[in-house]
Structure formats: structure tokens, C-alpha cells
Amino acid sequence: MTDPKNENRLFWEEEEKKLDDLLQKAMFPGGEKAVEKLAKRGKRPVRELISDLIDPGTEFFELSRIAGFGMDYPGVMDVPCGGLVTGIGKIHDNWTMIFANDSRVKAGTYFPITLKKHMRAQAIATQAGLNCVYIADSGGAYLPMQAEVFPDDQQFGSMFYNMAKMSAKGLKQITLSTGGNTAGGAYIVFMACQSVMIDKLSYSFLAGPPLVKMATGEDISAEELGGARTHTRISGGADHFCPNQDEAVAKVREMLSFEKPQKKYFHRHPEMKPKVSPLSIYQDLPASVNKGVDTRKFLAAIADNSEFSEYKRDYAMGRGDNILTGKIRIKGLTVGIVASNGVGIIFHEAARKATEWIVRCSQEKIPLLFIQSSPGFMVGSDSEHMGIGKYGSDLVRAVSCAQVPKIQLVIGADNGAANYGMCGRAYKPDFIFTTLRSRTSVMSGRSAAGVLLSIEKQKREAQGEPMSAEELKAFNDRMIEKYDGEAHPFYCGARILNDRVVKFTEIRDWLGMAFEVSQLRPIDDPAFGNFRF
Ligand code: COA
């Protein structure tokens, strides 16, 4: 007889292997050859620079590493890692946002996905109040797509606008230039609070030598026009001259050693490991996303000491407990829980309970963790008449207005309005993490296929050409494939609809970092609009 626990475990291990393959591809675009090409120029792969930049023995929490795969841009299918590494690490014990163009990906140029990644990291840094280090090595805008990367808000110019605004708030913007920074890209050097350039490796100019020749007839080398010596000795556009990458990294660390320690607005209880091993998640989360989840078991595998202090445990059993509410501690930090449970359909009782809990946590200034595994709100006349619309809206209002840090972790279905009520991207959670079990789409493939098929059938009947059984099946299969494909964490991760696809064993570390970083700012007093109740 087959053991479902064993089957689940084998399934998730296989899925995580696929994730590992993708992560590897993101880390080594161009393979060994590209690393050798870098070495010939005196350069190391960017992640090696980052590991020297952060405090020894600490972890670099790299965001959205699977960004950019399958984008199908003109002439370019994949942009591994979005061509830009972003992530959070500690420098002299201060959490810092680090950006690094990967010159192995089309000379580090900016595609739409590169910009989205850059903007997302700057938004996290702005909200949390993090200093930023930019390891700059970019050919600027990806020119074949200039209309999609240059003129708009949240496009090229916004990178420098954000640098100016963050610096005005006192957040240090440090640039370490380690390659070409041409045209718009040059501003990453000149807009920095302090910038470091490397001898015969870094260049920064508003136009490179070929364009200068064209425009003015001047014949000049890149070094003379905008090399490290030129900008540190003549123009003053850069502040520190270093002979190589290692010394440049050390210089950035030296500058940031003068920073004050970050203020922390949390209390850390003694950290305890969960009594239930996080490995149990592999057995307990069903391989099928359509099956219900025992979320109390899941919480036991991620919470300190496996403790979950549940709120309103007995309320409206069978409907109210499709969302669990309560408190856990993650690495000693107290967290309010709003978690889908069972099949996760949100009944009005569950919506009311969750709303009440969000208001209470906001009042207590406790950050919230939304664990999402919900296919949507309950439909039908019973539910409508009981007020699912208004109670659902109250939940969405509470989620929108809760002023405490909010983090979303997706472990299952993430469809329709449940995405709103459980703090999807539009509700501005500080971070979104998803697992390989997440499926984010307006509705499931099956439901979407049903709706679209009925529309198509009517259309064809009206045209006097009813669909044959084969056509019906082919249409249905196509829609399921499309919707399920677009809901997949690889598809969503590629488009930065989440901040990281995490393995089950990594959940605690990522949540620990996220709840700490999101509480480096003070929490305001709560203010909610007009609930309907
Ligand atoms: N847009 C589109 N593609 C670009 C690009 C850009 N701005 N800059 C470089 N590329 C592409 C190259 O065509 C090449 O593609 P390939 O691998 O398919 O042949 C790849 O990126 C690597 O470029 P390459 O010139 O071989 O790398 P390099 O390390 O020798 O030089 C630069 C890097 C950035 C100094 C050099 O590519 C350059 O000067 N680019 C133009 C920069 C520019 O003028 N940008 C203005 C836009 S704001």
C-alpha cells in the first residue's frame, strides 16, 4: 500500500530539485566560460564580491533569484536572475540592501524585469530604512526595448530619483563601480553619497568614446574620458580610487563602519527551535494543491517551541476555522497569525474573525504573518445573504489599513479575492514568500477553463458553428494548461510577483530576517476607515 506521507515527501523533494536547477542557472549565466572571461578582466562573479561585503559568517538573503526566466523579450528568452542580484545582508551588523549588476547577462543592461527588480529592492530599502550599496556594472538601458525601460515612472529615471529621496532621508547610497556605467547608467556613480571606482575597470560617462567621436569628433580613450583616475582626480565625480575589486569592497565596508547601529523596534524572546521538525512539512503538505491543509501542523513546524496560541479556536467550527488566528514566535519575535486552514474557502465567519484579529494585532502593534492557501470566498445565495461581500470587504479594509508590518507566505491556492483578503501584492506586504505549493491566479485552471469554455460555446453557437467534442476538449485542456502554468511559482517568481520562492526548510530563516528587517522602523498608531460589520 502506498503511504501518502511518503508520496508527499518524494513529490516535494523532486519539486525542490527543479528549483535548485533554476537557482543554479541564475547563478552561473554563461557557465564557466563567462567566469573565465570575468577573471581575465580582473573581475570576480558578483556573489563573491557580495560575500566579502557582508559580515563574515552571516547570510545573504538574496531576493527573487529566479527572476527573468522565460520572459521572451525581443531576441532574448531568459534574463537569468533579471541580470541583477538584489538582497539583504548585514554590514557591520546593520541590515543593508545590496544591488549588483551581473555583467554576464547582456552586459548588465536593464530589461523591464531588471527595472522591476531594482525598484522592488529600493522600495523595500525605503520602507525598512536600509542603507544601499550598488555594485554597478551595466551597459544601461537594453536598447532594443528603450520604450519599455526608459521614459515612464518606475523605469530608468526612478532608480536615481529613489537614490536622491533615500539619501535625503539619511539612508546612505554607496556605489562601487566595477565596470562600464554608460549614459543613464553613469548616474549610479554620480548620484551616490560616496562612490568607489577601480583602476582600469570602472568607467562612467554620459556618452562612451564612439558616441563622443560621432557627436564632437573628439578621439579619446575610455580611460581618459571617464576612468577611475579621471573621476577621482579631475572631475571629482567619484570619491575613492582603488586598484582592484578586493580593495574596493574593503573601502565600502570601511565607509559603512562609521554608521550608527540601526534602531530596533521589537522585543526578542529567547529563541527556541520548533519541537516538530520543519522536515515534517514535506510529509504533511499534500502534493495536490486542491487538497486541504492541516495548518496547525504546519505552524508547529515553523513556530518557536511549536507553540501556537490560538484565538477563537472554537468559533463557528467548520466555517470559522477555515482561517486560524493567534500568535506564534519566530526566532523569538512575536508574530500575529492569519492562516488559511483546511480547504481554505473563506466563509463570512472566518472573514469576521480574521478582521477582528487584524484590528487587535494593529492595536497591540504586533506584525502579521498571512499564510495563504485559499481558493476564494464562499459563493452562493446562503453566503451572499449572510453578508460575505461586506464581511469580505471588511477583511480587505483591515488588511489594507493595518499599519503593522505584514508578511505573506503562500503555501497553496492563492486565487481571486482571497488574494486580497490574505494580503497579496496589492496590499503592500513588506515581503511575499512563496513555496513550490503556491498557485497564484485569478481562479484555478479548472474554473477558468469552465468559464471561458461556456463563453466560447455560446459564441460559436450564435455563429451557427457549435464546437465539436474534440474542440471542446482541446479548448478546455489549453485553458487549464495556460492558467495552471501562469499560477506556478516559477512563472510568478520569474515576474517578481513574490520576493523569493523558498524551500520548506528555509521558511524560518526567511521569516526571521523579514520580521526583524520590517521592525527597524517604529509602528504608527492604527487607523481604519469605515467598517460595515
Ligand atoms: N543594449 C542592448 N544590448 C547591449 C547593450 C545595450 N545598451 N550593451 C551591451 N549589450 C549587449 C552586447 O550587444 C552583447 O550582446 P551579445 O552577447 O549578444 O553579443 C552583450 O551585451 C555584451 O556586451 P559587450 O560589449 O560584449 O560587453 P563588454 O563587457 O565588452 O562591454 C559595455 C560592456 C557596457 C562597456 C559595452 O557593451 C557598451 O559600451 N555598451 C553600450 C552602452 C551604452 O551606450 N548604453 C547606452 C544605454 S543608456
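Colleague: Where does Leu-176 lie?
Modeller: This is a predicted model, and in it Leu-176 is part of strand β5, which covers residues 173–182.

Colleague: Buried or exposed, that Leu-176?
Modeller: Leu-176 is buried, since its relative accessible area is 1% and the cut-off for buried is under 20%.

Colleague: And how far is Leu-176 from Asp-137?
Modeller: In sequence, Leu-176 and Asp-137 are 39 residues apart. In space, their C-alpha atoms are 8.9 Å apart.

Colleague: Let's move to the ligand. Which residues surround the ligand?
Modeller: The residues around the ligand are Arg-41, Lys-106, Ala-107, Thr-109, Gly-139, Ala-141, Tyr-142, Leu-143, Pro-144, Thr-182, Ala-183 and Gly-184.

Colleague: How does that shell split by class?
Modeller: Six residues of the shell are nonpolar, four are polar and two are charged.

Colleague: What does the side chain of Arg-41 do there?
Modeller: An N or O atom in the Arg-41 side chain is 2.7 Å from an oxygen atom of the ligand.

Colleague: And which backbone atoms come up against ligand nitrogen?
Modeller: Ala-141 has a backbone N or O atom 2.9 Å from a nitrogen atom of the ligand. For Leu-143, a polar backbone atom is 3.0 Å from a ligand nitrogen. Of the 870 Å² of accessible area that the ligand has on its own, the protein covers 52%.

Colleague: Change of topic. How many salt bridges are in the whole structure?
Modeller: The search finds 37 salt bridges.

Colleague: Which residue does Glu-15 pair with?
Modeller: Glu-15 forms a salt bridge with Lys-18, at 2.7 Å from N to O.

Colleague: Is Glu-15 buried or exposed?
Modeller: Glu-15 is buried, at 9% relative accessible area. Lys-18 is partly exposed, with a value of 44%.

Colleague: What about a pair that links distant parts of the chain?
Modeller: Take Lys-365 and Asp-525, whose side chains meet in a salt bridge at 2.7 Å, N to O. They are 160 residues apart: Lys-365 is in the loop between α14 (348–364) and β12 (368–374), and Asp-525 is in the segment after α21 (507–517).

Colleague: How accessible are Lys-365 and Asp-525?
Modeller: Lys-365 is partly exposed, with a relative accessible area of 30%. Asp-525 is exposed, because its relative accessible area is 58% and exposed means over 50%.

Colleague: Which residues are linked in a network of salt bridges?
Modeller: Arg-44, Glu-48, Asp-52 and Asp-246 are linked that way.

Colleague: How accessible are Glu-48 and Arg-44?
Modeller: Glu-48 is partly exposed, at 37% relative accessibility. Arg-44 also counts as partly exposed, at 26%.

Colleague: Last one, the surface. Which residues form a nonpolar patch?
Modeller: Tyr-187, Met-191 and Leu-206 form the patch, and together they have about 270 Å² of accessible area.

Colleague: Where is Tyr-187 found, and how accessible is Tyr-187?
Modeller: Tyr-187 is in helix α7, residues 187–190. Its relative accessible area is 37%, so Tyr-187 is partly exposed.

How values were computed
Residues are numbered from 1 along each chain as its sequence is written. This is a predicted model: local features need pLDDT of at least 70, side-chain atom pairs count only at pLDDT 80 or more; totals for chains, interfaces and linings use all residues. Side-chain values use heavy atoms; hydrogens and water are left out. Patches are made of residues with over 30% relative accessible area and no salt bridge: like charges are joined within 9 Å, nonpolar side chains (Val, Leu, Ile, Met, Phe, Trp, Tyr) within 5 Å. Accessible areas come from the Shrake-Rupley method with a 1.4 Å probe; for residues, only the protein chains shown count as cover. A salt bridge is a side-chain nitrogen of Lys or Arg within 4 Å of a carboxyl oxygen of Asp or Glu. Helices (H or I, at least four residues) and strands (E, at least two) are DSSP runs, numbered from the N terminus. Buried means under 20% relative accessible area, exposed over 50%, partly exposed in between (1.4 Å probe, protein chains only). A residue is near a molecule or strand if one of its heavy atoms lies within 4 Å of it. A polar contact is a pair of N or O atoms within 3.5 Å; within protein, one must be able to donate a hydrogen and the other to accept it, and residues adjacent in sequence count only if both atoms are side-chain atoms. Ala, Val, Leu, Ile, Met, Phe, Trp, Tyr, Cys and Pro count as nonpolar, Asp, Glu, Lys and Arg as charged, and the others, Gly among them, as polar.
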